[in-house]
Amino acid sequence: MSEPVPPAAPAAVSLVGARGSGKSTIGRLLAERLGRRFVDADEQIARVAGRSIPEIFVLHGETAFRLLEAEVITALLEQDSIVLATGGGAVLSLESRQKLVAAGPVVYLEADPATLHARTAGDENRPPLTDLPAEEEMAAVLADREPLYREVASVVVDATAEPEAVVAAILAGLS
Ligand SMILES: Nc1ncnc2c1ncn2[C@@H]1O[C@H](COP(=O)(O)OP(=O)(O)OP(=O)(O)O)[C@@H](O)[C@H]1O
Ligand SMILES: O=C(O)C1=C[C@@H](O)[C@@H](O)[C@H](O)C1
Ligand SMILES: [Mg+2]
């Protein structure tokens, strides 16, 4: 009899969640722990565009940013053995949602709006998404997107815990 074939390792472990939930911070730590390469969609977008994210928003608008974001996610998901930190709005694209789920486990880093706001307040690298004051914007945008984060997630963790505890919860959820 032939040996059972072990299941193939997923191509990507992807992190989704709001701005400030820790996708970049936790993603880097998780990649180290899993022995995978860390890739950050926001960093790749800025690299491909040759501009910062705020510059892309000002010069080309959010719609153009979203199109580029979906293209970058598609390209990154062609690589093997990665941990992918998505941008906060990556799940707005149906195509990206489908590709993230098809590539492997998707982890939702869940956090409350007050924590998210405290972590991101005053950071000029995060352009406004609405005309609302920043704290209200965080709550409104999260309310809109939360169903999408949950739709794609196979693992949901409390992202308000210390980084090492968040990583441990993800590893437990993946096993
Ligand atoms: N678990 C955590 N505990 C405490 N601080 C954290 C935690 N996770 C992230 N942070 C801090 O919150 C800030 C935002 O984190 P990070 O940039 O990783 O968020 P993000 O989800 O990648 O945001 P964006 O969607 O804008 O890229 C950073 O200053 C980071 O150090
Ligand atoms: O929540 C969002 O819409 C965004 C989050 C960031 O990761 C970046 O992708 C950009 O600032 C937009
Ligand atoms: Mg990030």
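1. Helices here are DSSP runs of H or I with at least four residues, numbered from the N terminus. The model under discussion is predicted. With that definition, α1 covers 23–34 and α8 covers 163–174, and each of these two helices supplies at least two residues of the shell around ligand 1.

2. Of the elements in that shell, α1 gives the most, with four residues. In total, 19 residues surround ligand 1. The closest are Gly22, Lys23, Ser24, Thr25 and Arg119.

3. What kinds of residue make up the shell around ligand 1? Five are nonpolar, eight are polar and six are charged.

4. Ligand 2 has its own surroundings: Arg19, Asp42, Ile53, Gly87, Gly88, Gly89, Arg126, Pro127 and Leu129. This shell divides into three nonpolar, three polar and three charged residues.

5. Turning to the whole protein, the count is eight helices and five strands. Their order along the sequence is β-α-β-α-α-α-β-α-β-α-α-β-α. The radius of gyration is 16 Å, close to the 16 Å given by the globule rule for 175 residues, so the protein is as compact as a globular protein of that length.

6. The C-alpha trace spans about 65 × 30 × 25 Å along the principal axes of the protein. Buried residues account for 34% of the 175 residues.

Technical notes:
Residues are numbered from 1 along each chain as its sequence is written. Chains are lettered from A and ligands numbered from 1 in the order in which they are written. This is a predicted model: local features need pLDDT of at least 70, side-chain atom pairs count only at pLDDT 80 or more; totals for chains, interfaces and linings use all residues. A residue is near a molecule or strand if its C-beta atom, placed from the backbone, lies within 6 Å of it. Ala, Val, Leu, Ile, Met, Phe, Trp, Tyr, Cys and Pro count as nonpolar, Asp, Glu, Lys and Arg as charged, and the others, Gly among them, as polar. The radius of gyration is taken over C-alpha atoms; the globule rule is 2.2 Å times the number of residues to the power 0.38. A residue is buried if 20 or more other C-beta atoms lie within 10 Å of its own, exposed if 12 or fewer, and partly exposed in between; C-beta atoms are placed from the backbone.
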